[in-house]
Every structure is written in C-alpha cells, then in structure tokens.
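Please keep the structure open while reading.

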Amino acid sequence: MPPDENTGHPRRWAILGVLVISLLVVVLDNTILNVALRTLADPVHGLGATQGELEWSINSYTLVFAGLLFTFGVLGDRAGRRRFLLIGLALFGLASLLSAYAQSPAQLIAARALMGVGGAAIMPVTLSIISNVFDPRERARAIGVWAGAVGLAVAIGPVLGGALLETFWWGSVFLINVPVVALGLVLVTLLVPESRDPNPGRVDLVGVVLSVVGLVALSYGIIDGGEHGFGRPVVWASILGGLAVLTTFVLAERRSDHPSLDVRLFRVPRFAAPVAMIGLVFFAAMGVMFFSSFYLQLVRGYSPLETGLLFLPFAAAQLAFAPRSATMVQRYGAKAVSAVGLTLTTLALAAFAVVDASTPIWAVAVVFFVQGVGMANIMPPAMESIMSAVPREKAGVGSAVSNTVRQVGGALGVAVLGAVLSAVYRADVDGALRELPAGARETAGESISGAYAAATQAGPAAPQLIAVANDAFVAAMHAAAVGSAVVAGLGILVALRWMPGRPAAPAATPTGEPELAGTA
C-alpha cells in the first residue's frame with residue numbers, strides 16, 4: 001500500500017458526527033444535573049435531597065460507569081462496537097425516563113446507576129470506533145473534535161437545564177435525553193460500521209466485581225463521613241475496606257491472563273502519564289463544579305438559567321480551543337501543551353479560594369473561561385497519547401482505562417472535596433444555630449440548602465441565619481478550592497516529568513518507532 005494512502009473509512013467524518021451525538025447525551029446529562037442540584041434539594045419543588053444524596057445522585061452514575069468500563073470496553077471489542085453503542089443508547093434512554101419520574105432521592109439514585117450502565121457501553125466504543133475508522137495521521141484531529149464535543153455539551157447543558165427548570169418540573173432535565181437518544185439510535189444504525197477485535201479476550205468477572213465493590217465502598221465512606229462526621233467506625237471500615245478491595249483488584253489483575261484492566265499498560269510512560277493527568281484534573285475540576293452551582297444559585301442568588309449562562313465561558317473555551325490543541329501538540333509537543341493547560345486549570349481552581357459573595361460576577365466568568373482554556377489543552381493530547389500506546393484492535397481497552405480514570409477521579413473529587421465542604425461548613429455554622437428549634441437546627445447544619453429551607457421556619461432570625469450560612473459556605477468553598485488546586489498542581493509535575501516532548505523529525509527516527517514519553 002502506498003505510504004501516503006489514507007487508510008480511513010470513506011464515511012469517517014460523518015461517522016464522527018454520529019459519535020459526537022452519542023457522546024453528547026452522556027456529557028449533557030451530567031452538566032444539566034449540576035444546575036439542577038439546588039432544585040433537587042428543595043423539599044417543595046424537588047425531592048428534598050440531602051447533600052449526601054445529591055452527591056450519590058452524581059456518584060451512583062459515575063461509579064457504575066467506571067466499574068463497568070473495563071469490561072464493556074473488552075465486550076465491545078469482542079461482540080461488536082456498533083452493537084454495544086446501540087445497547088448503551090437504549091439503556092441510557094430508558095434510565096433517563098426512570099430518572100425523570102423518580103419519586104424519591106433513592107429512586108433517582110437507582111435510576112442514575114442504570115444510566116451509568118448505558119454510559120459505560122457508550123463511552124469506550126466512541127473512541128474505539130474513531131481509532132478504527134480514522135487513519136493514524138488524522139486520529140489526533142478527530143480526537144480533538146471528540147474532545148470539543150465535550151465542550152459543546154458543557155455549553156448546552158447548563159443553559160438548557162436552566163431554561164427547563166424555569167419552565168417545567170425538575171424531571172424535564174432528564175427527559176430531554178430521550179429525543180437525543182432516539183436520534184442517535186437512528187444515525188448509528190444507518191451510518192456506523194460494525195467492527196470488533198479479531199482476537200478477543202475472555203470477560204474478567206472477578207475484576208468487575210472487585211472494582212465496583214471497592215469503588216463504591218471507598219466513596220460511600222468518604223461521602224458518609226463528610227455528611228455525618230469521620231468519628232464513626234462504620235466510616236473508616238468502609239474507607240479501609242474499599243482500599244483493601246481495590247488493592248486485591250490490582251493484585252488479581254496482575255495474575256489474570258484475561259484482565260479487565262491490564263496493569264502492565266501502566267509501565268508505558270506515554271500511557272500512564274496522561275492517565276494520571278486526567279485522573280488528577282477531573283478530581284479537582286468536578287469537585288469545584290459541584291460547589292460552584294450552589295455558590296451561584298444560593299450565595300449569589302442567580303436563577304438556574306442565569307447559572308447556566310454563567311457556565312458558558314467555560315464551555316465556549318472548551319469548544320474553541322480543544323479542536324486546535326492537536327495542532328499545538330504538533331508544533332510544541334504534548335509535554336508543553338499539557339503543562340500549560342494544567343497550569344491554567346490550577347490557577348483557575350485556586351482563584352475560587354478568594355472568590356466571595358461580593359466578587360464581581362464578570363471576574364467569576366473569567367475564572368470559568370481560564371479553566372475551560374486549560375482543560376481544552378489537557379484532554380486531546382492526553383487521549384491521543386493514550387490511544388497511540390495501544391494497537392487499533394485493542395482500542396476499547398485504552399479508551400476504557402482512560403475514561404474510567406476520568407470518571408473515578410471525578411467521583412472521588414466530588415466525594416472528597418464535598419466532604420471538606422461539609423466539614424468546614426458545619427464547623428463554621430454550628431454556633432449560630434443554637435436558637436433554632438431542634439429539627440430546623442439539624443437541617444440548617446447539614447448544608448447551605450438546608451439552611452435556606454430552615455430559614456422559612458426561623459421567623460425574624462431568618463436574615464441572620466442566611467447571612468451566617470452564606471459566610472460558612474464561602475469559607476468551606478475556599479478550603480475545597482485550595483485542595484482542588486493542590487491536586488491539579490500535581491498534574492503539572494506529571495506532565496513535565498513523563499509526557500512526551502515535541503515530535504522528532506522523521507530523519508531522527510528512521511525505524512518509525514514512536515518516541516517514548518519522558519525521553520524529551
């Protein structure tokens with residue numbers, strides 16, 4: 001075959017468009033949910049969910065998603081990637097209907113877990129199909145478009161969610177997924193070709209069980225400790241038990257001849273470094289996204305729609321800069337682009353440590369924009385490095401590992417930084433609640449949403465209670481922001497030490513072997 005012949009599928013760009021639609025439904029749901037958290041906490045207009053239940057409404061999806069990604073990546077490679085994409089879309093649509101009509105926080109959490117099953121079938125096969133229908137020379141550009149679609153979903157989600165919440169009941173933010181799923185099912189059936197691994201591996205059932213149990217136990221301990229305190233034995237039993245199960249999972253995967261997670265991949269720097277970067281940055285960013293919605297809607301008093309519009313600078317930056325990052329990597333190298341992106345993200349997260357109730361709202365919008373620019377220059381070079389480290393026929397495994405780490409990092413970020421937020425808030429607000437009735441005191445001490453609900457029973461003391469709750473929440477937000485910036489800062493060190501530098505000239509690499517990460 002001539003070296004300049006394109007080996008990609010003739011309809012590859014149309015296929016990419018279909019994959020973007022399939023991806024939109026997964027990302028759209030999570031960005032809409034961030035705007036809806038305040039409404040879900042309302043006992044009148046929502047479900048009266050506690051902060052812990054709100055965290056679980058996010059993490060039940062994320063943890064099931066993450067726990068099944070390994071196996072679904074392998075199953076997609078084995079049974080057919082288009083087939084798994086269709087199954088995932090159908091499950092996601094059904095779970096969206098169940099979420100929309102949930103009658104309690106527990107039902108919503110369960111429906112969101114089912115959505116995680118559908119998302120786990122969708123996400124890994126989108127990148128696998130990209131790797132199989134695009135020539136390696138075009139793959140970086142295609143992955144940049146794929147990452148830019150995440151920015152598009154982030155842009156659409158908060159605004160659409162805010163508009164729906166101001167016009168309809170809270171369940172509409174889940175119901176909106178259904179027409180997107182229907183369109184995706186039709187287009188996938190018509191355009192996406194079937195592909196699979198010619199030498200598939202067996203399913204690692206032990207690995208699936210251990211990963212799900214370990215992640216759920218660890219997150220449960222962190223979330224419950226943040227909500228009710230870390231002094232109870234059950235909290236530490238859950239945390240330590242989860243860590244022990246995850247350790248067993250890693251040991252089992254090392255011994256298995258058909259692992260759901262091939263831990264040997266982490267010996268390859270160009271695979272391990274970007275995976276670590278993604279985990280760290282999403283740990284930091286998702287925790288901040290969780291509390292910023294409450295800050296904007298409660299402390300600043302913006303409506304859900306206005307809150308969605310304030311997230312637009314972040315989304316616009318993602319949409320504008322992610323597709324261009326591949327060109328930046330070719331010019332300056334993945335190391336430089338990733339390090340700059342991580343630095344911008346770290347600075348933006350650290351800025352929340354000085355944001356308070358009087359900060360000009362344009363300054364908050366600038367912080368969101370800087371964060372968006374930073375994250376737009378992290379994901380594409382990281383994903384291209386990961387996908388280039390595995391052969392085409394094993395693309396599902398590479399995609400599954402990277403997306404699992406992203407989801408687990410985000411889940412633990414919400415859990416850990418949410419725990420910090422709750423602990424600092426409770427400590428600061430406790431002294432101001434002693435004059436309240438017992439029931440209202442307990443509600444107000446749990447979260448800022450609870451304080452606003454308790455204020456309706458506080459009579460003349462309501463304004464003072466709101467003021468104290470706002471101050472306590474801002475102090476808690478500052479503590480969580482410092483933690484998020486420290487974690488994102490660790491990603492800078494990883495990028496500088498192990499990410500590959502500028503691509504070598506062809507004459508310098510006559511064998512055609514890719515440059516190993518960490519050698520430049």
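How many nonpolar, polar and charged residues are in the lining of the second largest pocket? The lining has 13 nonpolar residues, 3 polar residues and no charged ones. The model is predicted.

**Second largest pocket**

- The volume of the second largest pocket is about 370 Å³.
- It is lined by 16 residues, and Leu215, Leu246, Phe249, Val250 and Val408 are the closest to its centre.
- Three helices each supply at least two lining residues: α8 (205-228), α9 (233-255) and α17 (395-429).
- Of the helices, α9 gives the most to this lining, with 5 residues.

**α3 with α4**

- Helix α3 spans residues 81-100, and helix α4 spans residues 105-133.
- Their axes come within 8 Å and cross at roughly 155°.
- An angle over 145 degrees counts as roughly antiparallel, so α3 and α4 are roughly antiparallel to each other.
- The crossing of α3 and α4 is left-handed.
- By class, the residues of this contact divide into 16 nonpolar, 8 polar and 2 charged.

**α10 with α15**

- Helix α10 covers residues 269-299, and helix α15 covers residues 361-376.
- The two axes come within 13 Å, crossing at roughly 160°.
- α10 and α15 are therefore roughly antiparallel to each other.
- Their crossing is left-handed.
- On the α10 side, the contact is made by Phe282, Ala285, Ser292, Tyr295 and Leu296.
- On the α15 side, Ile361, Val364, Phe368, Gln371 and Met375 make the contact.
- The contact of α10 with α15 has 8 nonpolar and 2 polar residues, with no charged residues.

**α14 with α20**

- Helix α14 runs over residues 334-351, and helix α20 over residues 462-498.
- They pack at an angle of about 170°, and their axes are 8 Å apart.
- α14 and α20 are therefore roughly antiparallel to each other.
- From α14, the contact takes in Lys335, Ser338, Ala339, Leu342, Thr343, Thr346, Leu349 and Ala350.
- From α20, the contact residues are Ala481, Ser484, Ala485, Ala488, Gly489, Gly491, Ile492, Ala495, Leu496 and Arg497.
- The residues of the α14 contact with α20 divide into 10 nonpolar, 6 polar and 2 charged.

Terms used. Residues are numbered from 1 along each chain as its sequence is written. This is a predicted model: local features need pLDDT of at least 70, side-chain atom pairs count only at pLDDT 80 or more; totals for chains, interfaces and linings use all residues. Side-chain values use heavy atoms; hydrogens and water are left out. Axes are lines fitted to C-alpha atoms, for helices over the stretch in contact, and angles run from 0 to 180 degrees between N-to-C directions. Helices (H or I, at least four residues) and strands (E, at least two) are DSSP runs, numbered from the N terminus. Angles under 35 degrees count as roughly parallel, over 145 as roughly antiparallel, 65 to 115 as roughly perpendicular and the rest as oblique. A crossing is left-handed if the near helix is turned anticlockwise from the far one by less than a right angle, and right-handed if clockwise. Contact means heavy atoms within 4.5 Å. Ala, Val, Leu, Ile, Met, Phe, Trp, Tyr, Cys and Pro count as nonpolar, Asp, Glu, Lys and Arg as charged, and the others, Gly among them, as polar. On a 1 Å grid over the protein atoms alone, a cavity is a set of points where a 1.4 Å probe fits but cannot get out, and a pocket is an open set with protein on both sides within 12 Å along at least five of seven lines; lining residues have an atom within 4 Å of a point. Grid points are joined across faces, edges and corners, and a volume is the space filled by probe spheres set on the points.
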